[in-house]
Amino acid sequence: MDTRPDESEVTQPRLGPVGMLRWAWRQLTSMRTALFLLLLLAIGAVPGSIWPQRNIDAGRVADYLSRHRSTGPWLDRLGFFDVYSSPWFAAIYLLLFVSLVGCVVPRSKIHWRAMRAQPPAAPLHLERLPEHGQIEVDGTPEEVLQVARDVLRGRNVLGSHRRIMRWRIRSTGKADVPRTGDGLSLSAESGYLRETGNLVFHTALIVVIAAVAVGHLFGWRGDRILVTGKSFSNTISAYDTFDPGPWVDTEGLSPFMVAVDKLDVTFEEHSRGAQRGAPRDFTAYTRTQASPDAPQIHQTLKVNGPLTFGGTSVFLLGNGYAPVITVRDAAGQVLLHEATPFLPQDANYKSVGAIKVSAASPKQLGFFGFFLPSEYLDKDAGPSSFFPDLKNPALALGVYEGELYPQGRPQSVYTLSTEKMTQLRNARGEPLRLLLKPGQTIQLPGGRGSITFDAVQRWAGLSTRYDPGKLFALIGALAALAGLIASLVIRRRRVFVRVRSTGPRTVVSIGGLAKGEDPGLGATIEDLLSTITQRITAKRSVTKGSDTKV
Amino acid sequence: MTNQTLAQYANLAVYSAMAVFTIAMIAFALDLARTLPRLSVAAPETQKEPALVGADSSVDALAYPIPTDDPDRPLTRTRKAAGIAMMLTRLGGLLLIAAAAMRGLSVHRPPLGNMFEFALVSSMFVVVIFVVISLRRDIRWLGLFVVGPVLLTLGLAITVFYTDASELLPSLKSVWLVIHVTVATFAVALFTIAFSVTILHVVKTWLEAQAANDPPAMSRIRTIVNTALPPARSLDRTAYRMHAVAFPLWTFTLIAGAIWAEQAWGHYWNWDPKEVWTFVIWVVYAAYLHARATTGWSPRAANYLALAGYGAILVNYMVVNVFFVGQHSYSGM
């Protein structure tokens with residue numbers, strides 16, 4: 001039988017609910033936990049760079065899921081395709097945020113008190129301090145101490161690396177009254193800005209996090225593909241996709257207008273190898289109006305030069321081709337005449353798109369296929385493009401007929417939903433393929449009319465962004481940087497001066513104490529000692545001179 | 001228009017620098033290997049630096065003198081090999097500056113547009129920082145561990161990462177390219193030297209423990225390494241200081257990158273793989289500085305964080321550019 005006393009009953013004090021909370025708070029705000037959370041944040045961010053992310057490229061996520069049928073769904077369940085909005089990632093940064101607040105608040109209080117407190121009185125044995133120096137000078141102890149006080153107060157004492165240091169000197173109190181045979185003393189402290197910088201750094205990080213949250217809640221983005229020659233106004237309906245934060249007032253968008261008159265695109269033509277065809281310059285020539293009553297302004301929009309309207313900016317993020325197509329019925333009546341944007345699929349702008357002729361009767365017509373800016377026939381891949389610019393433009397299309405919008409479901413404008421459609425075939429029973437060059441017209445079989453490829457226009461991929469938090473994020477980040485530099489560069493130091501009379505002369509000892517490692521402290525003390533000596537010598541020679549005059 | 005002839009000269013300069021650094025590396029190694037016989041005469045106690053005021057806290061690895069000559073025979077054993085190595089390192093540094101300048105002139109832009117140019121410029125910064133520090137302090141003991149990594153980087157750059165001189169993508173044409181990437185390369189160069197010093201610190205700590213326990217049992221090579229390196233304490237301080245300079249620079253890189261991203265891509269933070277890894281590096285080094293500032297954490301644990309941080313830098317440079325899909329896909333490979 002176990003006769004040992006049950007330790008848990010005997011020794012452990014009971015923690016009440018408040019005690020438990022306090023214990024949990026201490027644990028959360030401890031440096032050990034903060035470090036652990038920092039590392040967890042670093043590790044947690046990594047999966048988002050390895051696996052495709054929905055908020056960046058939903059297409060690649062779908063592609064990944066279709067290729068990895070066994071592991072994909074599990075990764076999805078664990079949030080590996082939405083890492084930065086997943087609950088576990090949020091848990092890490094929220095805990096870190098709490099830990100940050102729990103670190104800054106009590107430390108600010110302590111620092112506030114320290115900044116208003118006096119430096120402590122000089123210890124008795126200065127030679128026991130980590131840094132210590134001593135010299136003998138002429139003059140009375142009172143005189144020498146006054147010089148030391150002036151030197152420290154004068155703001156012209158150079159610290160290590162010739163850095164100017166400001167000292168706070170302890171005002172004379174009881175502790176500075178000479179003790180038995182110790183002479184007079186003086187204490188000074190410098191480098192309060194080190195802790196201030198440290199606190200600014202951490203507080204600024206809180207500001208940055210808050211600014212990110214504000215941007216997330218009140219910011220929005222709208223994307224629009226705009227064919228040259230067209231314009232759009234800043235309303236939700238004008239955008240192809242609109243992604244608002246939860247607290248965005250979608251009625252109150254600033255009422256500007258942007259028209260793209262012309263889009264200039266240049267690609268690398270001269271280099272060979274991998275760089276050939278790489279984009280070199282995109283410039284959109286625009287007309288803008290800040291509000292319906294404002295005058296129109298001509299502005300250029302470039303990749304690194306957005307248009308701005310107050311806090312809202314319009315960026316040029318993409319470009320592509322929009323072939324102008326006319327579809328006529330058998331009687332020659334125009335059913336459709338418009339520039340249809342095609343989406344580039346590769347570096348040579350092989351672009352995919354669909355032309356939907358809902359006015360065709362009895363059955364609706366749909367064309368689906370590729371636009372090729374520099375067409376050639378690849379043995380395996382079929383019609384392809386060898387260069388991103390318009391060297392040999394062509395359209396390669398298949399034709400479908402039937403119902404374009406089954407049950408009126410929403411669908412992408414770049415693909416054709418073919419579930420209620422049948423593909424047209426040629427006389428040999430093969431799927432009908434049309435290859436059109438600009439200016440060409442092809443008659444569709446069976447009296448279905450004709451399709452004409454009139455011309456090619458370009459489109460600009462515009463993205464409108466509004467983020468009210470970004471200025472605060474920038475200010476916070478810069479403040480954090482300044483605070484960081486201050487906290488790493490500035491040294492917190494205390495120096496103590498003691499003067500003792502040896503008859504005609506006075507011995508000055510200086511002891512120094514630093515918070516943390518401080519290799520420059522010794523040099524600072526040497527500097528102080530030599531400055532005091534110089535001043536005393538200068539002062540005494542001046543007094544002597546005036547003496548002889550009298 | 002790119003001037004391919006000038007780009008060829010730039011490559012030639014890189015090859016010449018590599019040849020020069022190879023000889024420098026051998027000379028540095030010879031110099032370290034010769035420290036032992038000198039020390040058998042000069043007792044280790046006499047190596048202490050002339051203390052300024054106090055004793056211990058002012059010992060600085062950067063100022064740590066490799067014990068000079070045998071006091072009895074002052075002129076017989078100068079560190080000729082180290083002198084030659086330093087001269088060659090300076091020459092190699094000049095060749096790298098010339099290479100970067102010619103590469104930049106050949107494409108009429110700062111040479112910061114692809115992985116080859118990034119490797120070239122950061123190697124140049126590593127050598128320049130080393131040479132500048134060596135003008136003020138004796139850091140010949142570090143030479144081998146600076147020139148070695150530089151040689152490796154240049155070798156990889158000119159073979160694996162090589163990209164023909166050409167113009168930039170439109171999104172890279174910005175004044176922020178100069179600001180953001182220059183500071184990034186400079187910070188990486190500092191982190192690289194700090195990484196070397198940190199590894200030396202780990203090795204030296206281990207050897208010092210051995211030497212304290214059972215000195216006769218130590219192999220000759222271990223004894224040589226142990227005597228050739230400054231004390232572990234000062235190595236630790238040097239590594240910390242370099243990290244403390246590099247970290248704010250990295251913070252600036254992050255901020256400048258965010259400002260540029262806002263202009264080019266519409267938002268200051270897009271969780272692009274390169275941004276993620278830059279952030280990871282920042283967080284790991286922030287953890288290192290916190291570990292250093294906290295009493296109760298051993299320097300060893302902090303060292304491992306610093307090494308992990310440099311591992312993240314290598315991933316950010318070599319893995320992210322080549323294998324991950326993102327908006328920073330400028331490797332040109």
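Predicted model: local features only at pLDDT ≥ 70, side-chain atom pairs only at ≥ 80, totals over all residues.
Biologist: Let's start with A100(B). Why is A100(B) called buried?

Modeller: Count the C-beta atoms around it. A100(B) has 22 C-beta neighbours inside 10 Å, and the cut-off for buried is 20 or more, so A100(B) counts as buried.

Biologist: Where does A100(B) lie, and which residues does it touch?

Modeller: It lies in helix α3 of chain B, residues 80-107. Leaving out residues up to four places away in sequence, A100(B) touches P111(B), L120(B), V121(B) and M124(B). As for P110(B), ten residues along the chain from A100(B), the two C-alpha atoms are separated by 8.6 Å.

Biologist: Now the cores. Which residues have the most contacts inside the largest nonpolar core?

Modeller: L38(A), A99(B), L120(B), V280(B) and V284(B), in a core of 167 residues. Helix α8 of chain B, residues 232-265, gives the most to this core, with 17 residues.

Biologist: How do you know that V280(B) is in contact with chain A?

Modeller: Contact takes C-beta atoms within 7 Å. Setting aside neighbours within four places in sequence, V280(B) has contacts with A42(A), A45(A) and V46(A), along with A312(B).

Biologist: How many residues does each chain bring to the contact between A and B?

Modeller: Chain A brings 52 and chain B brings 44. On the chain A side, α10(A) gives the most, with nine residues. By class, that side of chain A has 32 nonpolar, eleven polar and nine charged residues.

Biologist: Over to the strands. What is the order in the open sheet of four strands in chain A?

Modeller: β5-β7-β8-β9, with antiparallel pairing.

Biologist: Why are β5 and β9 of chain A called edge strands?

Modeller: Each of them, β5 (231-233) and β9 (297-302), pairs on one side only. The twist in this sheet averages 30° from one strand to the next.

Biologist: What about β7(A) and β8(A), how many bridges join them?

Modeller: Ten, again with the strands antiparallel. L263(A) has A284(A) in β8(A) as its bridge partner, while D264(A) stands opposite T283(A) in β8(A).

Biologist: Last one: which domains is chain A divided into?

Modeller: Domain 1 (15-116), domain 2 (126-191 + 491-542), domain 3 (214-268 + 277-319 + 463-480) and domain 4 (321-457). The C-alpha centres of domain 1 and domain 4 of chain A lie 49 Å apart.

Key
Residues numbered from 1 in each chain as written. Chains lettered and ligands numbered in written order. Contact = placed C-beta atoms within 7 Å. Helix = DSSP H or I, 4+ residues; strand = E, 2+ residues; numbered from the N terminus. Nonpolar A, V, L, I, M, F, W, Y, C, P; charged D, E, K, R; others polar. Core = buried A, V, L, I, M, F, W, Y, C linked by C-beta atoms within 7 Å. Buried ≥ 20, exposed ≤ 12 C-beta atoms within 10 Å, placed from the backbone. Pairing = 2+ DSSP bridges. Axes fitted to C-alpha atoms, helices over the stretch in contact; angles between N-to-C directions. Domains from an automatic or database assignment.
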